[in-house]
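Let's walk through this model together, starting with the sheet and then moving on to rings and charges. Have the viewer open as you read.

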Amino acid sequence: MKLRKVLALTLAAAMTFSLVGCGGSSDEAATEAPATEETAEEAPADDAAEEAPAEGTAEEGGLTYGSIKLGEDYTDLTTTIKFIHHKTDREEDGTIADLVSRFNEVYPNITVETEGVTDYQEDALLRLSTGDWGDIMFIPAVDAADLSTYFVPYGTVEDMSQYVNFADQWKDAEGNCYGIGYMGNAQGILYNKKVFADAGITELPKTPDEFIAALQAIKDNTDAIPLYTNYAAGWTMGGQWDALLGAITTGDETWLNQKFVHTAEPFKDNGDGTGAYALYKILYDAVANGLIEEDYTTTDWEGCKAMINNGEIGTMVLGSWAIAQMKAAGDNPDDIGYMPFPITVNGQQYTTAGPDYCYGINVNSSDDNKAAAMVFVKWMVEESGWCDFEGGYPISKTAETSFVFDGVNVVTNLTSLPGEEDFMNEMNAESELSFNAGGDAKVQAIVEAAATGSESYDDIMADWTAKWNDAQEACGIEVLY
């Protein structure tokens, strides 16, 4: 494998974990970026796995996700399957055991063994290469070209799109779907509904000015901290704020991965409350106006969960993966809400969403185990309620969901253009700004500058622009915009 692919994977992994909780606890799951030949490390192939797909698979017109009728098909099937996953917290608190127990009420003869793995990404790749992992796993970083080597297709992407969102996350060149998310993640802002009501906020803010005004109302009318920065955790800074770059702040799905590196002034003030300038200025203004915690250097990631639950915090910038954690942290789960990020482009608000880890079924399992595994996956996606329990953006298009994002356009930041897959990694490294790649320090610096008055926001943006332009020249990247 080429060195560039290893480097790309390393950076992609950092970007992936920045989109969700990376605070060091097992309950912050990682959202996997789509595997491509340029961004995913090739897992060693098992000789046995290179054989043709087993009889009865989707490729031969046999078993598919869509062909299964839950509660009717395979109810007499007797076998034992194994499922490995990264949700060690749900293994420990009994959630997964409860889900399996409920599954067995419908399928009593399918025994499901589960294992939570702490260092999942590395361990899963190792097990994948040896074939020692069971029947169902959350797919780690593998090349799209290798999907059929390891996993059973659920059906074509076109067909699977009838049943689930993000069916194209793990697809091969023939358009087959090999992975289904256990939950989805969207980007926005956690807020306490009661705090908003007590502050007199009757409508969710849709622009930066409206959001700052809402924070001021919280400060003036309640005892809650308007915006909790989580500065001390680090990953909650660059990871969460950078995740809002792109389509959310521009309305343009091509901006982040195709135009950003070619833009001369990506941090300029557009004058209409949009773009990267408006995004980070919200943080600067909140700090400068005293709308954050009293001492940002002493923020407490674990402690903030109970604080927002009991009304001591008004808002936090975090992905939707955090909803379940905040609801579970106290006696007021119904007070936890989730709102779109307050930037409006031409009258429209946007969010990006994608799947978290995705279920994959072992191509080398027996036919009975493949059938049992697909039944279990379908039940987990459509009947278990696990996605909704975790506060996830919905995966199933048929299951009930409590996730509400009314009036918001759900979009995707499109991937890089062919031949430019490494441009963003190169620019991040050369500029040392590291957008979506562990660039916590630059966002923490915004907090520090705003709190001390040591540097104006426009000066910070000018400094970023200079670094970006120098990196473009050093990397030989053409400026087109």
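A quick convention before the tour: axes are lines fitted to C-alpha atoms, for helices over the stretch in contact, and angles run from 0 to 180 degrees between N-to-C directions; contact itself means heavy atoms within 4.5 Å. Keep in mind that this is a predicted model, where local features need pLDDT of at least 70 and side-chain atom pairs count only at pLDDT 80 or more, while totals for chains, interfaces and linings use all residues. Residues are numbered from 1 along each chain as its sequence is written, and side-chain values use heavy atoms, with hydrogens and water left out.

Start with the sheet. Helices (H or I, at least four residues) and strands (E, at least two) are DSSP runs numbered from the N terminus, and two strands pair if DSSP finds at least two bridges between them. Five strands make up an open sheet with mixed pairing, in the order E2-E1-E3-E12-E6. At its edges sit strand E2 (110-116) and strand E6 (180-181), each of which pairs on one side only. Strand E1 (residues 79-85) and strand E3 (residues 136-138) run parallel, paired over two bridges, and Phe83 stands opposite Ile136 in E3. Lying across E1 and E2 is helix H3 (residues 95-106), at about 170° to E2.

Rings of Phe, Tyr and Trp (its six-membered ring) pair if their centres lie within 6.5 Å; planes under 30 degrees apart count as stacked, over 60 as edge-to-face and the rest as tilted. By that count the structure holds 38 aromatic pairs. One of them joins Phe260 and Phe435 edge-to-face, with 5.3 Å centre to centre and 65° between the planes. Phe260 is in the loop between helix H11 (255-259) and helix H12 (275-288), and Phe435 in the loop between helix H17 (423-431) and helix H18 (440-452), so this pair ties together parts 175 residues apart in sequence. Both Phe260 and Phe435 are buried (under 20% relative accessible area; exposed is over 50%, partly exposed in between, with a 1.4 Å probe and protein chains only).

Tyr393 and Phe403 make another edge-to-face pair, at 5.4 Å centre to centre and 70° between the planes. These two lie in the loop between helix H16 (386-389) and strand E13 (408-411), so here the tied parts are ten residues apart in sequence.

Charges meet rings too: a charge sits over a ring if NZ of Lys or CZ of Arg is within 6 Å of the ring centre and within 35 degrees of the ring normal. Lys259 does this over Tyr481, 5.8 Å from the ring centre, and Lys378 over Tyr163 at 5.5 Å.

What about salt bridges, where a side-chain nitrogen of Lys or Arg is within 4 Å of a carboxyl oxygen of Asp or Glu? The whole structure has 13. Asp89 and Lys87 meet at 3.7 Å, N to O, and both are buried. Arg90 and Asp93 meet at 2.9 Å; Arg90 is buried at 11% relative accessibility, whereas Asp93 is partly exposed at 42%. In helix H4 (residues 120-130), Arg127 and Asp123 are four residues apart, separated by about one helical turn, and their closest N and O atoms are 2.7 Å apart. Arg127 counts as buried at 18%. Finally, shared partners link Lys87, Asp89, Arg90, Asp93 and Glu390 into one salt-bridge network.
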